[in-house]
Amino acid sequence: MASNVEIEVDVNMPKIDLGVIVKLLISFGLPIGVLFMPIDWIPIDDLTLIQHRLLAIFLLAALLWVLEPVPVFATSVLIIALELVMISDKGLHLFRTPPAGHDLGELMIYTDIFSAFSSPIIILFMGGFALAISASKYELDNNLARVLLKPFGHQPRFIMLGLMLITAVFSMFMSNTATTVMMLALLGPIVASAPKGDLGIKALVLCIPIAANTGGIATPIGTPPNAIALQYLTGENSIDFLSWMMMGLPFVIVQLTIAWFLLQKLFPSAQKEMKLKLDGKFQRNWRAIVVYATFASTILLWMTTKLHGMNTYVVSIIPLAVFTLTGIMGKAELKLINWDVLWLVAGGIAIGIGLDKTGLASALAHAIDYESLSPLAVIFTLSIVCWLMANFMSNTATANLLMPIAAAIGASMESLATVGGLQGLLVVVAFSASLGMILPVSTPPNSLAYSTGLIESKDMAKTGVIIGVIGLLIVYAATLIIT
């Protein structure tokens, strides 16, 4: 006798994403292949087992950051975990015992790997996040932006100029992602007053991510690639806050001017005037005043490091201390810190520490006879590779991958001294990383602008390619002039 059996099917069950599975197989398969590949197959002389394993970890990080089958910060956590287990002096016994006939190499001290979490770069970002969170809480960012936009009048091109200048200035001292969120919110009433189909709206939307991406170049804290470059610029190659601004700010001004004219040509507005309703009122309670004073003081201290002796990293802890002591930042505000960005940066620092301590960076740098190339050829090649990668993956991840290799090359090439040495090379690479902005996935500001639905990816690609190439040409021209 047959019985009626009802089988319930959950139509809401998550579907298997074959694309993600393929990405995972590629991402993990190739590095595992490198891990078990005979060392003799790798065209680098005298590679130790530790260097061999780190090369696999490095390749894994590159693939995961490019393909993004998992979040980018998760990749950073994985990197640190693999380094601790496979190449540290407190790792798994299996990995600390070399097979017969193989040179294990020098194991890393495990505390060196953990130091990625306490790097001054992490503190630098935490200070920047503290400023951004507190400014947002007491509406300093929004009110200041509204007040600053009023003098630009009602013509679309001057409104766009105002949006670009304000966005760029904020991006110099706080997260370009937070700046983009703020400015896109400010753009809402402006867009609402425009007729549908007006190309000028695309220009207004695009100008914000372009200014956010570009503005961060002006200061060491404006964008992660700059901070990552500073990690390798120490001793006689160190750059203070004001010196970086003297290089970055003129470039930003020129680049934004070109972008302003370009956007007007590509997306001309059908309106001669736009009606704006901008009302701003600064809070006057004591906590708001503390935020205003701390914001201004921190920027001033960053710009005058040579006068008072504190470096950029030491200054960065001051706003965090002030805001937590005064109750401006409590537990709720601390949770707003972009911990995913901090983890991402920490993973990059861990890669850099590993490449340096194991000697792999030096081995990779010497794998090619860079001395046979001209110094300019080395700089331009690394710059172009960096820009191409930054267009298809996070510019932070790109800088994390390329900066330690560039640093090793810069330290080993005596002829680079004629074109600015290590300092000049890393600054050019950092600038190139920030110029990668042709796709919605290239940078968070691009993604935010694309999410408005007011622009298409082809609009972003068209402007991103032109602005990126022009930016690279400006950097190369400046390099040639200096030499």
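## Basis of the description

A residue is called buried when its relative accessible area is under 20%, exposed when it is over 50%, and partly exposed in between (1.4 Å probe, protein chains only). By that definition, both Asp459 and Lys202 are buried.

The model is predicted, so local features need pLDDT of at least 70 and side-chain atom pairs count only at pLDDT 80 or more, while totals for chains, interfaces and linings use all residues. Residues are numbered from 1 along each chain as its sequence is written, and side-chain values use heavy atoms, with hydrogens and water left out.

## Salt bridges

Searching the whole structure gives 3 salt bridges, each being a side-chain nitrogen of Lys or Arg within 4 Å of a carboxyl oxygen of Asp or Glu. Asp459 pairs with Lys202, with the closest N and O atoms 3.0 Å apart; this pair connects distant parts of the chain, Asp459 lying in helix H23 (residues 457-482) and Lys202 in helix H10 (residues 199-215), 257 residues apart. Helices here are DSSP runs (H or I, at least four residues), numbered from the N terminus.

Glu333 and Lys137 form another salt bridge, their closest N and O atoms being 3.1 Å apart, and this pair likewise links distant parts of the chain, from helix H16 (residues 331-334) to helix H6 (residues 120-137), 196 residues apart. Glu333 counts as buried because its relative accessibility is 15%, whereas Lys137, at 34%, is partly exposed.

In the salt bridge between Lys458 and Glu456, the N to O distance is 3.7 Å. Lys458 counts as exposed at 55% relative accessibility, and Glu456 is partly exposed at 39%.

Methods:
Helices (H or I, at least four residues) and strands (E, at least two) are DSSP runs, numbered from the N terminus.
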